[in-house]
Amino acid sequence: MLFRSGILIISGANSPSDLASVPIRIVLLDEVDRFESSAGTEGNPAELAIKRTTTYGNRKKIGWFSTPTIEGASQIWKKWEISDQRRRLVPCPHCGTEQELEWERLRWTPGAPESAWYECERGCVIEEASKLTMLPAGRWEPTRPESRIPGFRLSALHAPLGWDSWPTL
């Protein structure tokens with residue numbers, strides 16, 4: 001697709017010719033843990049795509065996105081380990097305590113998953129509808145500020161209303 005200020009190329013990780021055809025300033029690698037280890041005989045598809053950014057020097061942008069798969073073999077996990085490891089903190093709508101949403105705090109009445117709620121660190125009951133105010137009021141906090149590489153982790157518990165609901169999860 002051509003735009004006034006550039007071009008958009010969408011390519012599969014299994015297409016070496018697309019990954020090696022033009023200089024690219026912004027590369028977004030989605031679901032990298034699902035990439036094959038080689039694009040045909042050309043090599044690692046992520047590395048091929050990133051090589052296309054060398055023309056742009058320090059103006060290039062590279063985004064890695066994925067759900068981690070196998071610990072130790074996960075490309076995205078390796079990127080996470082060298083990043084500043086930001087976590088999303090959201091305020092409890094009742095007591096204001098900022099906290100990362102964690103699976104261990106999701107609760108429901110036994111036999112009734114549709115009753116799911118979230119229990120705040122201080123014991124407040126948070127209904128899913130509260131995400132309308134909680135999510136926009138959240139902030140990112142680096143846990144390894146010594147790293148200059150931003151890295152973000154977000155669980156499905158942060159999904160906006162209308163996406164996967166807490167009872168579904």
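Where is Ser83 found in this structure? Here are some friendly notes to read beside the model.

1. First, the ground rules. This is a predicted model, in which local features need pLDDT of at least 70 and side-chain atom pairs count only at pLDDT 80 or more, while totals for chains, interfaces and linings use all residues. Residues are numbered from 1 along each chain as its sequence is written, and side-chain values use heavy atoms, with hydrogens and water left out.

2. Ser83 sits in the loop between helix H3 (75-82) and strand S5 (86-91). Helices (H or I, at least four residues) and strands (E, at least two) are DSSP runs, numbered from the N terminus. With a relative accessible area of 1%, Ser83 is buried. Buried means under 20% relative accessible area, exposed means over 50%, and partly exposed is in between (1.4 Å probe, protein chains only).

3. Now look for rings. The whole structure holds 2 aromatic pairs. Rings of Phe, Tyr and Trp (its six-membered ring) pair if their centres lie within 6.5 Å; planes under 30 degrees apart count as stacked, over 60 as edge-to-face and the rest as tilted. Tyr118 and Trp166 have ring centres 5.9 Å apart and planes at 40°, so this pair is tilted. Tyr118 lies in strand S8 (residues 112-119) and Trp166 in the segment after strand S11 (152-153), so the pair ties together parts that are 48 residues apart in sequence. Tyr118 is buried, at a relative accessible area of 0%, and Trp166 is buried at 1%.

4. Trp140 and Phe152 make an edge-to-face aromatic pair, with 4.9 Å from centre to centre and 80° between the planes. This pair links distant parts of the chain, 12 residues apart: Trp140 is in strand S10 (residues 139-142) and Phe152 in strand S11. Trp140 is partly exposed, with a relative accessible area of 31%, and Phe152 is partly exposed, with 46%.

5. Finally, check two backbone angles. Glu31 is not a glycine, yet has a positive phi of about 55°. Glu31 belongs to the loop between strand S3 (26-30) and helix H2 (45-51) and is partly exposed at 27% relative accessibility. Gln85, in the loop between H3 and S5, has a positive phi near 50° and is a residue other than glycine. Is Gln85 buried or exposed? At 17% relative accessibility, Gln85 counts as buried.
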